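Thanks for passing this one along; my notes are below, in numbered points. Please keep the model open beside you as you read.

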Amino acid sequence: MEIQDRLLTWYRENRRDLPWRKDKDPYKIWVSEIMLQQTRVETVIPYFNRFVEQFPTLQHLAEAEEDEVYKAWEGLGYYSRIRNLHSAVKEVQSSYGGYVPYEPKKMARLKGVGPYTLGAVLSIAYDQKLPAVDGNVMRVLSRLFVLTDDIAKPKTRKKIEQLALQLIPEEAPGDFNQALMELGATICVPSSPRCLLCPLQQACQGLATGQHDELPIKTKNKAPLKQKMVFLLIRDQNKLWVEKRPDTGLLAGFWSLPTIERDKGESAIDAAIRWGELHGILLRNGRQVGELEHIFTHRHWNIEVLEMDYLGIENMYNENISLWTYEKFSNSTLANVYRKALKFI
DNA sequence: AATGCGTGGCT
DNA sequence: TAGCCAAGCAT
């Protein structure tokens, strides 16, 4: 029996019953694929269920307010995904009559739709013969065919896409792509793969040559940069000074507690006063009311939360800082690192 | 091509 | 603990 048949048969008997597999609504499949980028299935499930309940159709999402849409993504991470998805959905609504494009070239032009998402949505929703190569597929095919290229290199993904395309059976591109991913997610897992349960056991060259444990080859990530950060609690009556993060970069565009990185050798209080000087806010003293740690992909924050004595405004209006009630702040869309800090307020 | 972008779970 | 990873994309 061919690899394709074994894999499809296995998939059809063992596929997980996931919420985005209830039907073939291209919109819902698209939403699920964006949510699943670099994010675990178990994490995505509750977000997906709430999201499609709140925005049942592409038109609902296209017409929804940004605040409402971003709030639905709160805590999920990689927030450019939702900005891009909302923008792309509006584009589909205005340019394509609300229908997710069938044409790969049109779909690929939408924000946030890269080679993987393109292939995944169009193969699953429309059964188009396009590769959908994610980390699972690179791992599975690396082991199956003993591919020793570094999967961290973009060139390798392109090479594996060509291979994957050749493997796709005409009659079931969507199921085949999902089967490869499902195998990677449940059997051909990164460490201690469950080869004894694998439907491709006999065909696997990696297993046959004993190389399956060393594959795939992948260059290591750099360790996250350690930073000593200070979050500021600056109260004015019953309100709190908050700061809008820059429109690009980490947690772009989010409102946050005033945040500053401590310079080398600088005390937390001096850093806090320096923040005030930068924004025209007079501060002094300050006492630590909390401490937390937060690790992003590429940064490791050790955070002190300081409550400051507020003396008033020193100079002119700054649109990136504002006075909010605690209520308004906690109800705004907050990245998790700042939501964690709320317990010290 | 290499880097930046969240979060949480597992080893 | 520190590192690695999880259905990637934009720049």
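1. Of the atoms of DNA strand C that come within 4 Å of the protein, sugar and phosphate account for 65%.

2. Before going further, some ground rules. This is a predicted model, where local features need pLDDT of at least 70, side-chain atom pairs count only at pLDDT 80 or more, and totals for chains, interfaces and linings use all residues. Residues are numbered from 1 along each chain as its sequence is written, chains are lettered from A and ligands numbered from 1 in the order in which they are written, and side-chain values use heavy atoms, with hydrogens and water left out.

3. Polar contacts (pairs of N or O atoms within 3.5 Å) to DNA strand C are worth a look. A polar side-chain atom of Thr 117 lies 2.6 Å from a phosphate oxygen, while a polar backbone atom of Tyr 116 is 3.3 Å from a phosphate oxygen.

4. Which helices each supply at least two residues of the surface near DNA strand C? They are α8, α9 (135-145) and α11 (173-186), with helices taken as DSSP runs of H or I, at least four residues, and strands as runs of E, at least two, numbered from the N terminus. By class, this surface has 10 nonpolar, 8 polar and 9 charged residues; Ala, Val, Leu, Ile, Met, Phe, Trp, Tyr, Cys and Pro count as nonpolar, Asp, Glu, Lys and Arg as charged, and the others, Gly among them, as polar.

5. DNA strand B has 22 residues around it, with Arg 40, Leu 251, Thr 297, His 298 and Asn 336 coming nearest. Sugar or phosphate makes up 60% of its atoms within 4 Å of the protein, and bases the rest. The surface near DNA strand B has 10 nonpolar, 9 polar and 3 charged residues, and β5 (281-295) and α15 (336-341) each supply at least two residues of it.

6. For DNA strand B, a base oxygen is 3.0 Å from an N or O atom in the side chain of Tyr 78.

Methods. A residue is near a molecule or strand if one of its heavy atoms lies within 4 Å of it. A polar contact is a pair of N or O atoms within 3.5 Å; within protein, one must be able to donate a hydrogen and the other to accept it, and residues adjacent in sequence count only if both atoms are side-chain atoms.
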